[in-house]
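Okay, everyone, let's get started. I'd like to walk you through a pair of helices and then a sheet.

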Amino acid sequence: MTIVETPIRELHPDRRIIEAGVHLVARRYRHGTRLDPHMHREAQLVYATSGTMQVTTPNGLWLVPPDRAVWVPAKLGHAIDMLADTMMRTLYFDLDWLARHGQRRRLQQEFVVHVSPLLREMIAALFDGDDDLARAGLLIRLIMLEMRHARDSATFIPLPQEPRCRRAAQMVLAAPAAAFDIETLAEKVGTSARTLSRRFAAETRLSFKSWCQRARIAAAIERLTSGRHGSVKQLAADLGYASVPAFSHAFRQVTGKSPTEFTAQDELRHPRTLSVPTRS
């Protein structure tokens, strides 16, 4: 089943309704769990209090490490892969609720947001078990206001739609550490390097080199969050970087942190194991 051909999935029966049109769901998933392509009638804000996710839509891959959340519009086909043990917190919004609060038109595209300390604490407060609906309603409105200033697309890996470019992209994603050059890839997919470079830039708004860098950083984050990375020096070498400083610079451009800072934060805030695997 492709991302485009997706079933509509009903909300979890364990959802919590905090006001008409807004639902909360708390779930736990083990590393390696995949939520197959599906869509919801509701829009959703997906956040992991621990772990890292990869959200795939027809437009590309949205890497969601700690301190990021992803907005998924209603009826947008998507799949979610857990790159580490994950504690997911999801806020669902009916389209009527978004329209009543002036949000529906603005939130028709998917995007990743940087979760500020304020946004993180507001989401945590919604899931703290307090049954004060007035408080919850205020938190929801504050969350929506905070999201207006929180867009962040650095962890997005856009996927080209043109068939030859798409095949080239899939080759890189399948082996991000490989030393691909555009001439070799162009020959493999049956086009010229000039055409592939031009179409890649037109469809992704990134140069081929920049796009490959994002793919490598995505692979680095997957290994860092799963505990399979060894030393940062070894990880940098495995991913084809000439030095640790070069790797750290590229990593910081995407995540805002060095690999060491990212790992220290992940280990401090995000436990590696979960007691009960759950799959929706």
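So, helix α4, residues 163-174, packs against helix α5, residues 182-189, at an angle of about 125 degrees, and their axes are 9 Å apart. Helices here are DSSP runs of H or I with at least four residues, strands are runs of E with at least two, and both are numbered from the N terminus. Axes are lines fitted to C-alpha atoms, for helices over the stretch in contact, with angles from 0 to 180 degrees between N-to-C directions. That angle makes α4 oblique to α5; under 35 degrees would be roughly parallel, over 145 roughly antiparallel, 65 to 115 roughly perpendicular, and the rest is oblique.

Who touches whom? From α4 we have R164, R167, A168, M171 and V172, and from α5 L185, K188 and V189, where contact means heavy atoms within 4.5 Å.

A quick word on the source: this is a predicted model, local features need pLDDT of at least 70, side-chain atom pairs count only at pLDDT 80 or more, and totals for chains, interfaces and linings use all residues. Residues are numbered from 1 along each chain as its sequence is written, and side-chain values use heavy atoms, leaving out hydrogens and water.

Now the sheet. It's open, with six strands in the order β1-β2-β9-β4-β7-β10, paired antiparallel; strands pair if DSSP finds at least two bridges between them. β1 (16-19) and β10 (111-114) are at the edges with a single partner strand each, so one side of each has no neighbour in the sheet. Further in, eight bridges join β2 (residues 22-29) to β9 (residues 86-93), and R28 has M87 in β9 as its bridge partner.
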